[in-house]
Amino acid sequence: MDRRTFISWITLAWLASVSHKVNAAILRDNFHIKLTKSTLSSNGDKIVFYVALDGNDAWSGTLANPNRMNSDGPFATIQRARDAIREIKYRQNGNLTNEVTVFIREGIYFLTEPWVFTPEDSGTENCPIVYLCYPNENVIISGGRRIVDFRQESVNGRILWVSDISQVREGKWFFRQLWVNGERCIRSRYPKHGYLQVANVPDVTSQTKWHEGQTRFRFHRGDVKAWASISDAEVVIMTRWVESRLPITTVDEEKQLINFSNRSVFQIDRKDPYYIENCLEILENPGEWYLNQKSGKIYYLPRDGENIENAEFIAPLHDFIIKFEGKPDQNKFIEYLTFRQLNFNHAEWYYSDNFQVAPYPRVGPWPHPDVLGSIQSANNVPGALQGEGIRYCNIEECKISHISNYAIELSRGCYSNQVIRCELFDLGAGGVKIGESIAYNTESPDTYDNQVTECHIYDGGKIFHSAVGIWVGQSYRNLIAGNHIYNFYYTGVSVGWNWHYQNTKVRDNIIKKNHIHHIGKLLNGDGPILKDFGAIYVLGVQPGTQIISNLIHDVDGLRNGGFGIHLDQGSSQILIENNLVYRTYAGLNLHYGRENIIRNNIFCLGRVFQLRRLKEENHLSFTFERNIVYWSEGDLFVSPHGNDGFVFDYNLYWNENGIIQPNGMDWNDWQKKGMDNHSLIKDPLFVDIDKDNFTLSLQSPAFKLGFQPI
């Protein structure tokens, strides 16, 4: 062996002995040098990074594809791209002097942990940061995990696909959602369609308060069996305007009693609808599945055309997909980030062991500590993209689906953000949440000036049935405009979170030009299962809030509710103008409030009544002027008699059956009270009401009253 060969051999041996950490440090230093030369010498040009499934986090990330030598190319993970931007800022004393774009290439990116952003990940007004899909490709960022190694087994006379999940058996993982080949599967359910009804509730007496839940009820004989796997199952029961998901402990078929480990959110009443899910014995229909927590086995009955060799099973692993962890109390915000044309899938939030329901204002005592559920609007359920302390950020043209959560949440201290042209669907809860449920003192960071525009939000409430398309809590000056919202069991848009006439931060919110339909009763005919809601629901005093130019139709509630526009307790100083509302339980409902203006709207074809004020008070509740009301069944207007507290005039009324009796009064007596002295009873002459064409003909008498075309 010559001297050169010997030295080379010794050098290789030394390199092989270097620890993994040292090698990593060498790679990292080399990366910094390469990054600096390749990205920051462009003299003001944009910095561009790439992420791809065939990438490598040890590479520079500045190439869209691996090079020929496979020595450089895109990053492998989106977290690495975020960290690369952090490194640039670190080298520039925390500053960013170039715009940054991160292109993510085709494929599904399964996150090992949620994608977290902190204030150090911010862009600036002049140098924003954009994460987006590579042109003409499709990117899915998943909070889930594939399930593999299925085999066929005969179970209860059926051939099922079965897989063993050790993490479930070990108590490290549990899930309530499953997607096969991109389609949501049904957790084994009974009955398959529709709902069972409570027979009676032995623990409810005349002294029981409506907000006191129960831990058992009695079922009709034959509805429920003491199946072998019943302790794995849950009852999902609807009480008033919420659902309760109740783990079953025992079933007594003889006494017809079913018992739970938790109590319902509100009092259970006779005839309340419910169903059972996650029981092996009721797994009967293709597309259904069941998960046994003790054995860790998942069972699936395949649909026609599915192949056990290539079917893709994905279950949710993480509570969130993105978490924005700003610190608004310290004036440290996440800002100037944009996410564009990305798909976010597969997240599941559920009540933890230490979950405690948020209090219900002005109702005491607060819900019992063993309640699992939300008191309204599934307000405890967070967003799959969950933000606190973010400003000047945009989510544009993204799709968020296949989740148990709300899609997006802009919580405490979030302002001047935009959600634009996004598609939010297959949602366990709702679409977008803005603000919080509890008002903080004036020194705390507010949430305001956010916009949700031109979004398509549908097929929600899959798990938390009382969720809302767009929910605005303690927040102000937000714009909700141009959205298409449908297929929710509860409410389309909800604004406000103060009951009665309490002081509030809610004001100046604009709900404009939204198309909201099939709320309560879905397009497929399912429902209604909840009550006391509206396509648009508002709550509390909120001066300057406007509900204008919305199209609302096909809204129905269970036994009571399902309003086009619902002004609930204390709703005040709200303008309702230029809306078209038709085919609802009732067009407009005011629980009670003051100084509301209802002007230049069309309310048509309410099933039970057209307008209602539920409570009489000694002030002006509302002014109702220059509206068109057209109906064929139910009452025109319902309100307690006494001190009127409302003004009606310049309206056009038409009942197909010819009966005009506002609040049960003869028309002449109504006018003697000073109501509707300039109003008319005439056919408004819609172009074609049978085809939902509510355009007014040129001869419509509405124009003589000053009505403006909608």
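Biologist: How much space lies in the second largest cavity?
Modeller: About 60 Å³. This is a predicted model, in which local features need pLDDT of at least 70 and side-chain atom pairs count only at pLDDT 80 or more, while totals for chains, interfaces and linings use all residues. Residues are numbered from 1 along each chain as its sequence is written, and side-chain values use heavy atoms, without hydrogens or water.

Biologist: What makes a space a cavity, and what makes it a pocket?
Modeller: On a 1 Å grid over the protein atoms alone, a cavity is a set of points where a 1.4 Å probe fits but cannot get out, whereas a pocket is an open set with protein on both sides within 12 Å along at least five of seven lines. Lining residues have an atom within 4 Å of a point. Points are joined across faces, edges and corners, and a volume is the space filled by probe spheres set on them. The structure holds 5 cavities of 30 Å³ or more.

Biologist: Which residues line the second largest cavity?
Modeller: F324, F339, I390, C393, N394, I395, L410, N417, Q418 and V419. They divide into 7 nonpolar, 3 polar and no charged. Here Ala, Val, Leu, Ile, Met, Phe, Trp, Tyr, Cys and Pro count as nonpolar, Asp, Glu, Lys and Arg as charged, and the others, Gly among them, as polar.

Biologist: What does the second largest pocket look like by volume and by class?
Modeller: The second largest pocket has a volume of about 1,000 Å³. Of its 38 lining residues, R184, I186, R189, K462 and Y489 are the closest to its centre. By class, this lining has 11 nonpolar, 13 polar and 14 charged residues.

Biologist: Why is I434 called buried?
Modeller: Buried means under 20% relative accessible area, exposed means over 50%, and partly exposed is in between (1.4 Å probe, protein chains only). I434 has 0% relative accessibility, so it counts as buried. I434 lies in strand β34 (residues 432–434); strands (E, at least two residues) and helices (H or I, at least four) are DSSP runs, numbered from the N terminus. Leaving aside neighbours within four places in sequence, the contacts of I434 (heavy atoms within 4.5 Å) include L410, W471 and I480.

Biologist: Why is R421 called partly exposed?
Modeller: R421 has 39% relative accessibility, and therefore counts as partly exposed. R421 sits in the loop between β32 and β33, and its phi is near 50 degrees, a positive value in a residue other than glycine.

Biologist: How do you know that α3 is mostly covered?
Modeller: Of the 14 residues of α3, 10 are buried, including I78, A81, I85 and I88. The helix reaches 20 Å from its first C-alpha to its last, close to the 20 Å expected at 1.5 Å a residue; that expected span is 1.5 Å times one less than the number of residues.

Biologist: What makes a group of residues a nonpolar core?
Modeller: A nonpolar core is a set of buried Ala, Val, Leu, Ile, Met, Phe, Trp, Tyr and Cys residues joined through side-chain atoms within 4.5 Å. The largest one has 127 residues, and those with the most contacts inside it are W115, I141, F339, L342, F344 and F648. Helix α3 (residues 78–91) gives the largest share of this core, 5 residues. Apart from it lies another core, of 21 residues, among them I268 and Y274. In soluble globular proteins, nonpolar side chains tend to be buried together.
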